[in-house]
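Here are a few notes to read alongside the model. Have it open and follow the points in order.

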Amino acid sequence: MISEEQFKEEITLIIANAIREDVGDGDHSSMACIPETAVGKAKLLVKDDGIIAGVDFAELVFYFVDPKLKIDVRIKDGSPVNHGDIVFYVEGSAQSILKAERLVLNAMQRMSAIATKTNMFVNLLEGTGTKILDTRKTTPGIRALEKWAVKIGGGENHRFALYDMIMLKDNHIDFAGGITKAIDKTKRYLKETGRDLKIIVEARNLDEIREILESTGVYRILIDNFNYEDTRKAVKLIGDTCLTESSGGINEKTIREYAECGVDYISSGALTHSVYNMDLSLKAV
């Protein structure tokens, strides 16, 4: 993953771009009927059950829009919530609250859905020692928010983007002329460019596992679309040579059995690309 400083910069960019997109030259609906000096108070109301996420992000949004807004947080990120719960109150300029409302809700609804789904997977893995990972299958432009939500839900982040880790997948391997060539070229590239990036290599079958193991310097092997029996064989072959990761259509019905094969990680794009937003509202009080 990227550094904390880079992550914060990503969040700032997301907020600035979202406000630019939504507000433009002004929230004319509010400006037309609410005096600039009017103050108000609103509550974030939960209308669903799950894990709340995006509270800290909401605070950043409110502060970006108007540093004078005051937020009274009642339920923190990562906490279970039920229909009717109040997560926070925000008080101050009525125009500022309304300007921030849609971004806060859009982000929190999606982040809470991702955190809820991630938490379900984490619970299914309890006691196995296997950790759940996200992927790059995220919504363009808001990857940092979605990966943040995975962490809030108890999951782990995979690489953030193409630049912070080497991941040699099937197409890289085929274009490079094979596994060994792809790994050797990668190690030379890292040495020549002075980069210190971890290398993950995807395997499509047990023979490819064996070939990967002939090279040194591989951080993790991605055991992709294997059945349970072959996954167990792959884990035994790899041993302590490097870390292991299973992926490929693994869902809530199959994740436990894949974990019991002994893999260190299971990655799932479904954490971020297949969720239904949590129902939340920001209501004036």
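1. Let's begin with a pairing. In strand E10, Leu243 is the bridge partner of Arg220. Helices (H or I, at least four residues) and strands (E, at least two) are DSSP runs, numbered from the N terminus. Before going further, please keep in mind that this is a predicted model, in which local features need pLDDT of at least 70, side-chain atom pairs count only at pLDDT 80 or more, and totals for chains, interfaces and linings use all residues. Residues are numbered from 1 along each chain as its sequence is written, and side-chain values use heavy atoms, with hydrogens and water left out.

2. Five bridges join E9 to strand E10 (residues 243-247), and the two run parallel; strands count as paired if DSSP finds at least two bridges between them. To get from E9 to E10 the chain passes through helix H9 (residues 228-238), and this β-α-β crossover is right-handed. Right-handed here says that, with the strands pointing away from the viewer, the path from the first strand over the helix to the second runs clockwise.

3. On to the other partner of E9. Strand E8 (residues 199-203) is joined to E9 by four bridges, and these strands also run parallel. Arg220 of E9 is the bridge partner of Ile200. The chain crosses from E8 to E9 by way of helix H8 (residues 206-213), in a β-α-β crossover that is right-handed.

4. How many residues of strand E9 (residues 220-224) are buried? Five of its five are, where buried means under 20% relative accessible area, exposed over 50%, and partly exposed in between (1.4 Å probe, protein chains only). In a regular strand the side chains alternate between the two faces of the sheet. In E9 both faces are covered, with Arg220, Leu222 and Asp224 buried on one side and Ile221 and Ile223 on the other.

5. Now have a look at helix H7 (residues 179-193). Its buried residues are Ile179, Ala182, Ile183, Thr186 and Leu190. They lie on the same side of H7 because they cover an arc of only 95° around the axis, taken from the directions from the helix axis to the C-beta atoms. The face turned away from this buried side carries the exposed residues Lys181, Lys191 and Glu192.

6. What covers the buried residues of H7? The cover includes strand E7 (166-168), helix H6 (170-176), E8 and H8, with contact meaning heavy atoms within 4.5 Å. Just after H7, Gly194 takes a positive phi of about 70°.
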